[in-house]
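Thank you all for coming.

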Amino acid sequence: MQIQLNQLMPIPLQDKLRQRSSDIWNQDVTFQPGSLVKIKAPSGTGKTTLIHYLYHIRYDYTGKVQVNGQPWQSYNKNEIAAMRQRDISIVFQDLRLFEQLSARENISLKRVMEPKPYYPAEKIDEMAARLNVSHILEQSGKTLSYGERQRIAIIRALVQPFQWLLMDEPFSHLDEENTQRAAALIADECKARNAGFILTDLDNDQHFPYDVHYHL
Amino acid sequence: MRPFFELLKKIIQTGVGKTRFLMAAVGLGIAMLLILIAIQAHSNFSQLLYSSRNQNETADFLVINKTITNAMMGQSAKSIFTPEEIATIKKQPFVQSFGLVTSSQYKVVVQAPGDLHFATDMFFEAVPDSFLDVKGQDWKWSEGDRTIPIILPNDFLNLYNFGFSLSQDLPQISQETVKALPLQVNISNNQVSDQYMGHIVGFSDRISSFLVPASFMAWANEKYGMTTAAGTSRVIIKTPDPSNPDLVKFLEDNGYTTNQDKLKFSKTRLIVQTIVSVVGFFGLILLFFALLVFSMFIQLVIASCKREIQLLVILGTAPKQLQRYLLRQFVPLYIVIGILSLLLVAGLQYWAARELAQHEMLVSTWPGVPVFAGIALVLGLVYIVNLLTVRKYVNNI
C-alpha cells in the first residue's frame with residue numbers, strides 16, 4: 001500500500017508553517033511500502049495533526065493524502081474501516097484505550113474486530129510477556145499507569161494485520177529498557193508482515209534502522 | 001463475530017432507559033395483538049358469511065320495488081322503473097344477474113273444481129326461469145297448451161292453512177293436495193273470456209307472487225292485453241351477499257325496498273366491521289407510538305455512547321458491524337413479541353372456534369394466512385424502522 005502526500009497543508013497552521021521549511025508540509029512526498037520512516041518534529045509543528053491526516057480522522061487540510069492512488073475522501077466509511085482492520089494500524093499519542101475494558105479486552109478488541117483474527121488469542125500473552133505487562137492484563141483500563149497504557153496500546157496495534165503502522169511518540173511514557181523491548185517487538189512484527197511504519201518523535205533516536213528521515 | 005460483539009456489549013451500554021424500552025416492547029405486543037385480532041376477526045367473519053360450510057346457498061335473490069308512499073298513492077306510474085333506473089340497477093357490482101317481473105295485463109279468475117265453491121280474482125306474474133327456486137318438468141308452457149303451470153308463494157298456503165282455514169273451520173290442505181287440485185282459470189279482457197286448466201307445480205319461498213311461465217305470460221299479454229305494456233314495477237336480482245352494506249345503501253338512496261329480513265344481517269355486519277376496524281386502528285396507532293419510542297431509544301443509546309462509538313470507528317469498526325450489533329440487541333425481542341402474540345391469537349381463535357361451533361357457526365381452529373402475513377408485515381416494518389434509525393445515527397457519528 002502506497003501513501004502519497006500532495007501539497008498537504010493543515011489549514012489552522014498554515015500561516016505559521018509557511019514561514020519555515022519542511023520536508024513534508026506543502027511538498028509532494030511518497031512513502032514506499034515497507035519502508036521505515038522517521039519524522040522528527042519539534043513541538044507545535046503538527047506532528048499529531050499529520051498522523052491524524054494519514055489515518056484520516058482529521059480533514060482540515062489543503063492538498064491531498066492519497067492511499068493506493070486515491071484520495072482518502074474517495075473511500076466510503078465501510079471501506080475505510082476495512083483498511084483500518086487490515087492495512088493500517090496506529091498507536092495514538094493519547095493512547096485511546098477503553099477505560100471500561102480490561103487491558104486484555106482492549107487488545108482483543110482489535111484482534112477480533114476482523115471476523116478472521118490474524119493472531120490466536122495466546123499471542124496477546126506472548127507480547128505482554130515481552131513488554132513486561134503480563135501482570136496487568138486483567139486490570140481495567142482505568143487503573144493503568146501511562147507507561148502501562150502505552151505498552152497495551154502498542155500491543156493492540158500489533159495484533160492486527162497491517163502494511164503500515166503509524167506511531168505518534170510511541171515511547172513517550174517508557175523508560176529506556178521498556179523502550180528497547182517495545183521497539184524490538186515492533187521491528188519483529190513489521191518484519192513478519194513486510195510492513196513499513198511512520199514514526200513521529202521530538203528527537204533523534206537509534207531505536208530502529210530507519211530507511212528515511214524527514215524533518216517536519 | 002461473536003467475541004467482538006461480546007466486547008461491544010461492554011462498551012455500548014444498551015441499559016440506559018431500559019424501562020422505556022420494555023414499555024415500548026409491551027406497547028408493541030399489545031399493538032400487534034390488536035392488529036392480529038382485527039385481521040383474524042375479519043377473516044372469521046368472512047368465513048361465516050361466505051364459506052360454503054356455513055351456508056347452503058351462497059347467493060340470494062331479492063325482489064325489489066319502489067316504496068309506496070302516501071304521495072304516490074293513486075299514481076301507479078310512479079312505482080314503475082324507468083329504463084334508466086333499470087340500467088342503473090343492472091350496473092351495480094353486487095347484482096349478479098337481473099330479471100324483470102312481468103305482470104299480467106288481463107283479468108284472472110281462479111275457481112276450485114267441483115262443489116268447493118271457491119273462486120277468486122287473481123293476477124299472474126312471470127320471472128325468467130333462472131330466478132326460480134322451483135324446478136320441475138311440469139314448469140313449461142307452449143302455445144296451444146290448455147294447462148297453465150302455476151307456482152304459488154309458500155306464504156300463501158301458510159296463510160290459508162294457519163290463518164284462514166282455522167278461523168273459518170275449513171280443512172287444512174297439504175302441498176300435495178294443492179298440487180293435485182285441477183283449477184279452473186278464466187282469463188278475460190273486456191271482449192273475450194277463455195277457460196284454461198291451472199296446475200300448481202310448486203311453492204316458492206323466494207318470490208311472493210303467483211307465477212306462470214314467462215312464455216305463457218308473453219303470449220297471454222299479447223292476446224288478452226288490455227293496456228299497452230304497463231312497464232315494470234318489480235325487478236328481481238341475484239346477489240352474492242344480501243348483507244352487503246353497499247346494496248342496502250343503494251336501495252335506501254333510491255327509495256327502493258325489498259324483503260327487509262334478508263337485509264337485517266347487514267346492520268350487524270356493519271357494526272362488527274366498525275368494531276373490528278376501530279380495534280385495528282387503535283392497533284396501528286399503538287404500533288406507531290411503539291415505533292416512535294423504539295427509534296428514540298436507539299437514538300438515546302447511540303447518543304449516550306457517542307464517544308465510545310467514535311473511538312470504535314476510529315479503531316476500524318465498520319458502521320455495518322455497529323448496525324448489526326445494535327440490531328441484534330433489539331430484533332430478538334421483537335421476534336419473541338411476534339411469537340407471543342401469535343400464540344395468544346392462536347389460543348383466542350381456538351377458543352372462539354369452539355364457542356362458535358356450539359352455535360353451528362364454523363370457523364377454522366387456527367389463525368389464517370392473513371394473521372401470519374400481518375405478523376410478517378408488522379415485524380418487517382419494525383425491523384425497517386429500526387434499521388433506518390440505527391443507520392442514520394451511526395452514520396452521523
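Let me start with a single pair of residues in this predicted model: Leu166(A) stands opposite Ile198(A), which belongs to strand S8 of chain A. The strands concerned are S7, residues 164–168, and S8, residues 196–201, both of chain A, and they pair in the parallel sense over five bridges.

Stepping back, S7 and S8 belong to an open sheet of five strands in chain A, with parallel pairing and the order S6-S7-S8-S3-S9. Strand S6 (88–91) and strand S9 (212–215) of chain A each have a single partner strand, so they stand at the edges and one side of each is left without a neighbour in the sheet. On average, and with direction ignored, neighbouring strands here are turned by 15 degrees against each other. Across S6 and S7 of chain A lies helix H6, residues 146–158 of that chain, which runs at about 180 degrees to S6(A).

Now to the interface, where 20 residues of chain B are in contact with 21 residues of chain A. The area buried between the two chains is about 1900 Å², and carbon and sulfur atoms give 67% of that. On the chain B side, Leu7(B), Ile314(B) and Leu315(B) lose the most area to chain A, together 34% of what that side buries.

Note on methods
Residues are numbered from 1 along each chain as its sequence is written. Chains are lettered from A and ligands numbered from 1 in the order in which they are written. This is a predicted model: local features need pLDDT of at least 70, side-chain atom pairs count only at pLDDT 80 or more; totals for chains, interfaces and linings use all residues. Side-chain values use heavy atoms; hydrogens and water are left out. Two strands pair if DSSP finds at least two bridges between them. Helices (H or I, at least four residues) and strands (E, at least two) are DSSP runs, numbered from the N terminus. Axes are lines fitted to C-alpha atoms, for helices over the stretch in contact, and angles run from 0 to 180 degrees between N-to-C directions. Contact means heavy atoms within 4.5 Å. Buried area is the accessible area (1.4 Å probe) that two parts lose on being put together, summed over both.
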